[in-house]
Amino acid sequence: MPHVSKRKIEPKIQKHTLDSFTLLLKDLDNVPDTEKFLTSILSETERLMIAKRIVAAFLLRHNIESEKIQDILKLTPATISRLKLWIQTHQEGFDVIFDKLEKQRRWEIAKEILFKILDYAIRAGSGQVPNPFKKEFRKGQLS
């Protein structure tokens, strides 16, 4: 866990600081700027730790076995247990992230399907795909 100072700041200053951070994150609207910011403010270890938690939470939501998640992401059983509890107690925040990840995942699947259709259309247009209406196609090409 990252070190947090034992010296407490005033609640009003803490709220203002956290609100500023939230607004800053909200305004990062492209990948290069977001990456520059995150690499400037967080260490490699901190970025990886956060990313692994997000991925693990997403996999847990999709009922992937804890043991598989632990093996893939090299997390301890204690981390997975804490993450499950954290997801239950902070469901709304995780739902925001899960919705975004699902949308991204659907977009990636749609792109993959579109590229397959495009590839097929190009091959069909150049005569590289069997024509189901030609005589030789019916002679057993599908069996």
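**Close-up 1. Salt bridge between Glu44 and Arg47 in helix H3.** In this predicted model, the side chains of Glu44 and Arg47 form a salt bridge with an N to O distance of 2.7 Å; a salt bridge is a side-chain nitrogen of Lys or Arg within 4 Å of a carboxyl oxygen of Asp or Glu. Both residues belong to helix H3, where they are three residues apart, about one turn of the helix. Helices are DSSP runs (H or I, at least four residues), numbered from the N terminus. Glu44 is exposed, with a relative accessible area of 55%, whereas Arg47, at 24%, is partly exposed. Buried means under 20% relative accessible area, exposed over 50%, and partly exposed in between (1.4 Å probe, protein chains only). By the salt-bridge rule the count comes to eight.

The model is predicted, and local features need pLDDT of at least 70, side-chain atom pairs count only at pLDDT 80 or more, and totals for chains, interfaces and linings use all residues. Residues are numbered from 1 along each chain as its sequence is written, and side-chain values use heavy atoms, with hydrogens and water left out.

**Close-up 2. Salt bridge between Asp95 and Arg61.** The side chains of Asp95 and Arg61 meet in a salt bridge at 3.1 Å, N to O. Asp95 lies in helix H6 and Arg61 in helix H3, so this pair ties together parts that are 34 residues apart in sequence. Asp95 is partly exposed, with a relative accessible area of 26%, and Arg61 is also partly exposed, at 38%.

**Close-up 3. Salt bridge between Glu102 and Arg105 in helix H6.** The closest N and O atoms of the Glu102 and Arg105 salt bridge are 3.5 Å apart. The two residues lie three residues apart in helix H6, about one turn of the helix. Glu102 is buried, with a relative accessible area of 17%, while Arg105 is partly exposed at 39%.

**Close-up 4. Aromatic pair of Phe21 and Phe37.** The structure holds three aromatic pairs. The ring centres of Phe21 and Phe37 are 6.4 Å apart and their planes stand at 40°, so the pair is tilted. Phe21 in helix H1 (residues 11-27) and Phe37 in helix H2 (residues 31-41) are 16 residues apart, and their pair links distant parts of the chain. Rings of Phe, Tyr and Trp (its six-membered ring) pair if their centres lie within 6.5 Å; planes under 30 degrees apart count as stacked, over 60 as edge-to-face and the rest as tilted. Phe21 is partly exposed, with a relative accessible area of 41%, whereas Phe37 is buried, at 18%.

**Close-up 5. Aromatic cluster of Phe58, Phe94 and Phe98.** Ring pairs join these three residues, Phe58, Phe94 and Phe98, into a cluster. The pair of Phe94 and Phe98 is tilted, with 5.8 Å from centre to centre and 35° between the planes. Phe94 and Phe98 are four residues apart in helix H6 (residues 91-125), a separation of about one helical turn. Both Phe94 and Phe98 are buried.

**Close-up 6. The largest nonpolar core.** Twelve residues make up this core, among them Phe58, Leu60, Phe94 and Phe98. A nonpolar core is a set of buried Ala, Val, Leu, Ile, Met, Phe, Trp, Tyr and Cys residues joined through side-chain atoms within 4.5 Å. Helices H3 (44-61), H4 (66-73), H5 (77-89) and H6 are the elements giving two or more residues to the core, and H3 provides the largest share, four residues. Leu60 touches Ser66, Ile69, Ile80, Leu83, Lys84 and Ile87, not counting residues up to four places away in sequence; contact means heavy atoms within 4.5 Å.
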